[in-house]
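Reader: I'm new to this one. Could you walk me through it?

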Amino acid sequence: MIFVSVGSQLPFDRLIIAIDEWAATHQDETVFAQIGNSNFTPKHIEFCQTIDPINYDKRIKSADIIIAHAGTGTIITGLELGIPLLIMPRLAEKGEHRNNHQLATVKHFSTFTTITIVGNEQILVTTLDQMLKNKSASPEKITTTVSNKLITTIKDFIVDT
Amino acid sequence: MNQVESKKKKVLFISSSGGHWIEMRRLEAAFEGFDKYYISTDPSYYQAITEGKFYAVPDASMWNKFRLLGQAIKILLLLIYIRPNIVISTGAAPGFFGLLFAKKMRIKTIWVDSLANVEQLSLSGQKVKPYADLWLTQWEHLSTPNGPYFYGAVL
(Lines give C-alpha, C1' and ligand atoms only; values in the text may rest on other atoms or scores of the structure.)
Protein backbone atom coordinates (compact mmCIF):
# COMPACT_ATOMS: atom_id res chain seq x y z
CA MET A 1 0.00 0.00 0.00
CA ILE A 2 1.12 3.52 -0.76
CA PHE A 3 0.26 6.11 1.86
CA VAL A 4 0.16 9.76 0.78
CA SER A 5 -0.06 12.72 3.15
CA VAL A 6 0.05 16.48 2.57
CA GLY A 7 -0.23 17.44 6.23
CA SER A 8 -2.88 19.19 8.25
CA GLN A 9 -2.43 22.79 7.19
CA LEU A 10 -2.67 23.29 3.43
CA PRO A 11 -3.69 21.33 0.32
CA PHE A 12 -0.97 20.25 -2.11
CA ASP A 13 -2.81 19.49 -5.36
CA ARG A 14 0.31 19.23 -7.55
CA LEU A 15 1.31 16.15 -5.56
CA ILE A 16 -2.18 14.62 -5.36
CA ILE A 17 -2.96 15.13 -9.08
CA ALA A 18 0.31 13.47 -10.07
CA ILE A 19 -0.38 10.45 -7.83
CA ASP A 20 -3.99 10.21 -8.99
CA GLU A 21 -2.86 10.18 -12.65
CA TRP A 22 -0.18 7.64 -11.86
CA ALA A 23 -2.73 5.41 -10.09
CA ALA A 24 -4.94 5.39 -13.20
CA THR A 25 -2.29 3.34 -14.99
CA HIS A 26 -1.20 1.30 -11.93
CA GLN A 27 -4.42 -0.23 -10.74
CA ASP A 28 -2.68 -3.15 -9.05
CA GLU A 29 -1.30 -0.73 -6.44
CA THR A 30 -3.48 0.42 -3.56
CA VAL A 31 -3.12 4.10 -2.74
CA PHE A 32 -4.58 5.98 0.20
CA ALA A 33 -4.17 9.76 0.30
CA GLN A 34 -4.81 12.43 2.88
CA ILE A 35 -5.31 15.45 0.59
CA GLY A 36 -6.10 18.34 2.93
CA ASN A 37 -8.72 21.02 2.37
CA SER A 38 -8.58 20.65 -1.43
CA ASN A 39 -11.04 21.36 -4.25
CA PHE A 40 -9.54 18.56 -6.34
CA THR A 41 -11.37 15.23 -6.21
CA PRO A 42 -9.13 12.23 -6.98
CA LYS A 43 -10.67 9.61 -9.27
CA HIS A 44 -8.31 6.67 -9.00
CA ILE A 45 -7.32 6.53 -5.34
CA GLU A 46 -8.95 6.27 -1.94
CA PHE A 47 -8.68 9.57 -0.10
CA CYS A 48 -9.75 11.75 2.83
CA GLN A 49 -9.29 15.45 3.61
CA THR A 50 -8.09 15.09 7.18
CA ILE A 51 -7.28 12.00 9.19
CA ASP A 52 -7.54 11.37 12.92
CA PRO A 53 -4.58 9.92 14.84
CA ILE A 54 -5.95 6.35 15.10
CA ASN A 55 -6.59 6.05 11.35
CA TYR A 56 -3.33 7.81 10.51
CA ASP A 57 -1.48 5.27 12.62
CA LYS A 58 -3.29 2.31 11.13
CA ARG A 59 -2.82 3.43 7.52
CA ILE A 60 0.79 4.54 7.75
CA LYS A 61 1.89 1.35 9.52
CA SER A 62 0.60 -0.80 6.67
CA ALA A 63 2.34 1.29 3.99
CA ASP A 64 5.19 0.00 1.81
CA ILE A 65 6.01 3.52 0.68
CA ILE A 66 5.07 6.91 2.15
CA ILE A 67 4.72 9.85 -0.24
CA ALA A 68 4.47 13.27 1.38
CA HIS A 69 5.23 16.96 1.41
CA ALA A 70 8.31 17.90 3.43
CA GLY A 71 6.49 18.08 6.75
CA THR A 72 8.32 16.99 9.89
CA GLY A 73 5.36 14.96 11.21
CA THR A 74 5.26 12.46 8.36
CA ILE A 75 9.04 12.37 8.03
CA ILE A 76 9.56 11.56 11.72
CA THR A 77 6.81 8.93 11.69
CA GLY A 78 8.19 7.30 8.53
CA LEU A 79 11.72 7.21 9.94
CA GLU A 80 10.46 5.70 13.19
CA LEU A 81 8.67 2.95 11.29
CA GLY A 82 11.54 2.35 8.86
CA ILE A 83 9.26 2.86 5.86
CA PRO A 84 10.79 4.42 2.70
CA LEU A 85 9.75 8.05 2.26
CA LEU A 86 9.32 9.79 -1.07
CA ILE A 87 9.24 13.53 -0.39
CA MET A 88 8.31 16.43 -2.68
CA PRO A 89 8.70 19.86 -1.04
CA ARG A 90 6.07 22.57 -1.40
CA LEU A 91 7.08 25.64 -3.40
CA ALA A 92 6.12 29.19 -2.43
CA GLU A 93 6.08 30.36 -6.08
CA LYS A 94 3.30 27.84 -6.80
CA GLY A 95 1.29 29.11 -3.84
CA GLU A 96 1.84 25.90 -1.88
CA HIS A 97 3.24 27.56 1.23
CA ARG A 98 4.05 30.99 2.58
CA ASN A 99 7.77 30.48 2.00
CA ASN A 100 10.28 27.94 0.73
CA HIS A 101 11.29 26.52 4.11
CA GLN A 102 10.43 23.00 2.93
CA LEU A 103 13.34 23.18 0.46
CA ALA A 104 15.67 23.83 3.38
CA THR A 105 14.03 21.11 5.46
CA VAL A 106 14.66 18.43 2.83
CA LYS A 107 18.28 19.43 2.41
CA HIS A 108 18.85 18.54 6.05
CA PHE A 109 16.84 15.32 5.97
CA SER A 110 18.49 14.02 2.79
CA THR A 111 21.22 12.29 4.80
CA PHE A 112 18.78 9.54 5.83
CA THR A 113 19.02 6.60 3.45
CA THR A 114 15.29 5.82 3.59
CA ILE A 115 14.36 9.32 2.41
CA THR A 116 14.22 10.13 -1.32
CA ILE A 117 13.63 13.74 -2.31
CA VAL A 118 12.23 14.84 -5.64
CA GLY A 119 11.90 18.33 -7.06
CA ASN A 120 8.86 17.97 -9.29
CA GLU A 121 5.91 15.72 -10.11
CA GLN A 122 7.49 14.12 -13.21
CA ILE A 123 10.47 12.89 -11.22
CA LEU A 124 8.07 11.92 -8.43
CA VAL A 125 6.26 9.30 -10.51
CA THR A 126 9.38 7.91 -12.21
CA THR A 127 11.05 7.59 -8.80
CA LEU A 128 7.95 5.89 -7.43
CA ASP A 129 8.11 3.30 -10.24
CA GLN A 130 11.77 2.74 -9.42
CA MET A 131 11.08 2.33 -5.70
CA LEU A 132 8.30 -0.19 -6.33
CA LYS A 133 10.61 -2.22 -8.56
CA ASN A 134 13.20 -2.39 -5.77
CA LYS A 135 10.65 -3.04 -3.06
CA SER A 136 11.90 -6.55 -2.30
CA ALA A 137 15.25 -5.15 -1.22
CA SER A 138 13.83 -3.85 2.02
CA PRO A 139 15.79 -0.97 3.45
CA GLU A 140 17.57 -1.16 6.72
CA LYS A 141 15.34 0.03 9.52
CA ILE A 142 16.51 3.24 11.08
CA THR A 143 15.58 3.70 14.67
CA THR A 144 15.41 7.36 15.48
CA THR A 145 15.62 8.47 19.03
CA VAL A 146 15.35 11.77 20.79
CA SER A 147 18.72 13.27 21.69
CA ASN A 148 19.65 12.24 25.24
CA LYS A 149 21.23 15.60 25.80
CA LEU A 150 17.98 17.37 24.92
CA ILE A 151 15.97 15.25 27.38
CA THR A 152 18.62 15.65 30.11
CA THR A 153 18.74 19.42 29.57
CA ILE A 154 14.96 19.65 30.02
CA LYS A 155 15.03 17.32 33.06
CA ASP A 156 17.76 19.39 34.72
CA PHE A 157 15.85 22.56 33.98
CA ILE A 158 12.63 21.35 35.62
CA VAL A 159 14.16 19.43 38.51
CA ASP A 160 13.45 22.08 41.17
CA THR A 161 10.07 23.13 39.83
CA MET B 1 -1.37 16.56 57.73
CA ASN B 2 0.78 16.01 54.71
CA GLN B 3 -1.15 16.83 51.58
CA VAL B 4 1.78 18.11 49.59
CA GLU B 5 3.31 14.66 49.14
CA SER B 6 0.49 13.21 47.07
CA LYS B 7 0.30 16.21 44.73
CA LYS B 8 2.01 15.47 41.43
CA LYS B 9 3.47 18.28 39.37
CA LYS B 10 1.67 19.23 36.19
CA VAL B 11 3.16 19.74 32.75
CA LEU B 12 1.22 21.32 29.90
CA PHE B 13 2.21 20.37 26.34
CA ILE B 14 0.83 22.90 23.86
CA SER B 15 1.24 23.07 20.07
CA SER B 16 -0.61 23.32 16.79
CA SER B 17 -1.44 20.11 14.92
CA GLY B 18 0.73 18.06 12.55
CA GLY B 19 4.52 18.07 12.79
CA HIS B 20 4.64 20.38 15.82
CA TRP B 21 2.48 17.91 17.72
CA ILE B 22 4.49 14.83 16.67
CA GLU B 23 7.77 16.52 17.61
CA MET B 24 6.34 17.64 20.96
CA ARG B 25 5.15 14.16 21.90
CA ARG B 26 8.75 12.97 21.65
CA LEU B 27 9.69 15.27 24.53
CA GLU B 28 7.41 13.43 26.97
CA ALA B 29 10.40 11.32 28.04
CA ALA B 30 11.62 14.27 30.12
CA PHE B 31 8.42 14.40 32.19
CA GLU B 32 8.15 11.03 33.91
CA GLY B 33 6.02 11.25 37.04
CA PHE B 34 4.24 14.43 35.97
CA ASP B 35 0.50 14.78 35.44
CA LYS B 36 0.23 15.50 31.74
CA TYR B 37 -2.06 18.02 30.04
CA TYR B 38 -2.25 18.69 26.32
CA ILE B 39 -3.60 21.54 24.19
CA SER B 40 -3.72 21.43 20.39
CA THR B 41 -5.86 22.62 17.48
CA ASP B 42 -7.17 19.27 16.16
CA PRO B 43 -10.07 18.02 18.32
CA SER B 44 -9.46 14.40 17.22
CA TYR B 45 -6.06 14.36 18.97
CA TYR B 46 -7.68 13.23 22.24
CA GLN B 47 -7.38 9.76 20.65
CA ALA B 48 -3.61 9.97 20.63
CA ILE B 49 -3.36 10.54 24.37
CA THR B 50 -2.79 7.44 26.48
CA GLU B 51 -2.21 9.29 29.73
CA GLY B 52 -3.39 12.74 30.74
CA LYS B 53 -6.02 15.22 29.63
CA PHE B 54 -6.52 16.83 26.22
CA TYR B 55 -8.14 20.16 25.33
CA ALA B 56 -8.73 21.57 21.84
CA VAL B 57 -8.44 25.27 20.95
CA PRO B 58 -9.47 27.03 17.69
CA ASP B 59 -6.98 26.73 14.84
CA ALA B 60 -5.34 30.00 13.80
CA SER B 61 -2.08 31.22 12.36
CA MET B 62 -0.15 34.41 12.99
CA TRP B 63 -1.82 35.67 9.78
CA ASN B 64 -5.42 35.56 11.00
CA LYS B 65 -5.87 38.09 13.80
CA PHE B 66 -9.50 37.40 14.63
CA ARG B 67 -9.24 33.65 15.10
CA LEU B 68 -5.95 34.22 16.87
CA LEU B 69 -7.75 36.24 19.54
CA GLY B 70 -10.27 33.44 20.14
CA GLN B 71 -7.44 30.95 20.42
CA ALA B 72 -5.52 33.17 22.86
CA ILE B 73 -8.53 33.64 25.14
CA LYS B 74 -9.23 29.92 25.34
CA ILE B 75 -5.57 29.18 26.09
CA LEU B 76 -5.58 31.76 28.89
CA LEU B 77 -8.72 30.25 30.45
CA LEU B 78 -7.28 26.73 30.22
CA LEU B 79 -4.03 27.86 31.84
CA ILE B 80 -5.97 29.38 34.75
CA TYR B 81 -8.01 26.17 35.04
CA ILE B 82 -5.11 23.69 34.76
CA ARG B 83 -2.50 25.73 36.67
CA PRO B 84 0.48 23.74 35.36
CA ASN B 85 3.96 23.92 36.90
CA ILE B 86 5.59 23.82 33.47
CA VAL B 87 4.50 24.76 29.96
CA ILE B 88 6.40 23.36 26.97
CA SER B 89 5.86 23.94 23.23
CA THR B 90 7.36 23.26 19.79
CA GLY B 91 5.16 25.92 18.11
CA ALA B 92 3.42 27.65 16.63
CA ALA B 93 0.77 30.29 17.56
CA PRO B 94 -0.82 28.24 20.43
CA GLY B 95 2.63 27.66 21.89
CA PHE B 96 3.45 31.35 21.72
CA PHE B 97 0.30 32.26 23.68
CA GLY B 98 0.82 29.38 26.08
CA LEU B 99 4.29 30.61 26.99
CA LEU B 100 3.29 34.28 27.03
CA PHE B 101 0.48 33.75 29.57
CA ALA B 102 2.41 31.15 31.55
CA LYS B 103 5.32 33.57 32.01
CA LYS B 104 2.92 36.25 33.34
CA MET B 105 1.56 33.63 35.77
CA ARG B 106 5.13 32.82 36.92
CA ILE B 107 4.98 29.33 35.45
CA LYS B 108 8.21 27.83 34.07
CA THR B 109 8.32 27.85 30.26
CA ILE B 110 10.22 25.84 27.63
CA TRP B 111 10.31 26.46 23.86
CA VAL B 112 11.80 23.88 21.49
CA ASP B 113 11.60 25.36 17.99
CA SER B 114 10.38 22.92 15.30
CA LEU B 115 12.77 20.96 13.08
CA ALA B 116 10.85 22.42 10.14
CA ASN B 117 12.62 25.73 10.70
CA VAL B 118 16.04 25.04 9.24
CA GLU B 119 17.10 28.38 7.81
CA GLN B 120 15.79 30.65 10.52
CA LEU B 121 13.85 30.36 13.74
CA SER B 122 10.06 30.28 13.27
CA LEU B 123 8.16 33.56 13.59
CA SER B 124 6.55 32.39 16.84
CA GLY B 125 9.95 31.13 17.99
CA GLN B 126 11.45 34.59 17.53
CA LYS B 127 8.56 36.37 19.22
CA VAL B 128 8.47 34.01 22.19
CA LYS B 129 12.03 34.78 23.29
CA PRO B 130 11.12 37.09 26.23
CA TYR B 131 8.67 34.51 27.61
CA ALA B 132 10.76 31.35 27.26
CA ASP B 133 12.81 30.44 30.36
CA LEU B 134 14.50 27.74 28.28
CA TRP B 135 14.72 28.78 24.61
CA LEU B 136 15.93 26.04 22.27
CA THR B 137 16.44 25.35 18.58
CA GLN B 138 16.88 21.88 17.09
CA TRP B 139 19.46 23.05 14.56
CA GLU B 140 22.97 23.74 15.80
CA HIS B 141 23.66 26.36 13.12
CA LEU B 142 20.72 28.49 14.38
CA SER B 143 22.01 28.64 17.96
CA THR B 144 23.80 31.72 19.30
CA PRO B 145 25.60 32.43 22.63
CA ASN B 146 22.53 34.43 23.76
CA GLY B 147 20.05 31.84 22.59
CA PRO B 148 18.34 30.05 21.16
CA TYR B 149 20.48 27.21 22.49
CA PHE B 150 21.10 23.83 20.91
CA TYR B 151 21.19 20.58 22.91
CA GLY B 152 20.09 18.13 20.22
CA ALA B 153 16.89 17.29 18.38
CA VAL B 154 13.89 14.97 18.66
CA LEU B 155 15.28 12.93 15.76
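Predicted model: local features only at pLDDT ≥ 70, side-chain atom pairs only at ≥ 80, totals over all residues.

Reader: Which residue is the bridge partner of Ile110(B) in strand 6 of chain B?

Author: Leu134(B) is that partner. Strands here are DSSP E runs of at least two residues, helices are H or I runs of at least four, and both are numbered from the N terminus. Two strands pair if DSSP finds at least two bridges between them. In this case three bridges join strand 5 (residues 108-112) of chain B to strand 6 (residues 134-137) of chain B, and the two run parallel.

Reader: What order do the seven strands of the open sheet in chain B have?

Author: The order is 3-2-1-4-5-6-7, with parallel pairing. At the edges sit strand 3 (53-56) and strand 7 (149-150) of chain B, each pairing on one side only.

Reader: Which residues of helix 4 of chain A are buried?

Author: Buried means that 20 or more other C-beta atoms, placed from the backbone, lie within 10 Å of the residue's own. In helix 4 of chain A, that goes for His101(A), Gln102(A), Thr105(A), Val106(A) and Phe109(A). They cover an arc (taken from the directions from the helix axis to the C-beta atoms) of only 135 degrees, so they are on the same side of helix 4 of chain A.

How values were computed:
Residues numbered from 1 in each chain as written. Chains lettered and ligands numbered in written order. Buried ≥ 20, exposed ≤ 12 C-beta atoms within 10 Å, placed from the backbone.
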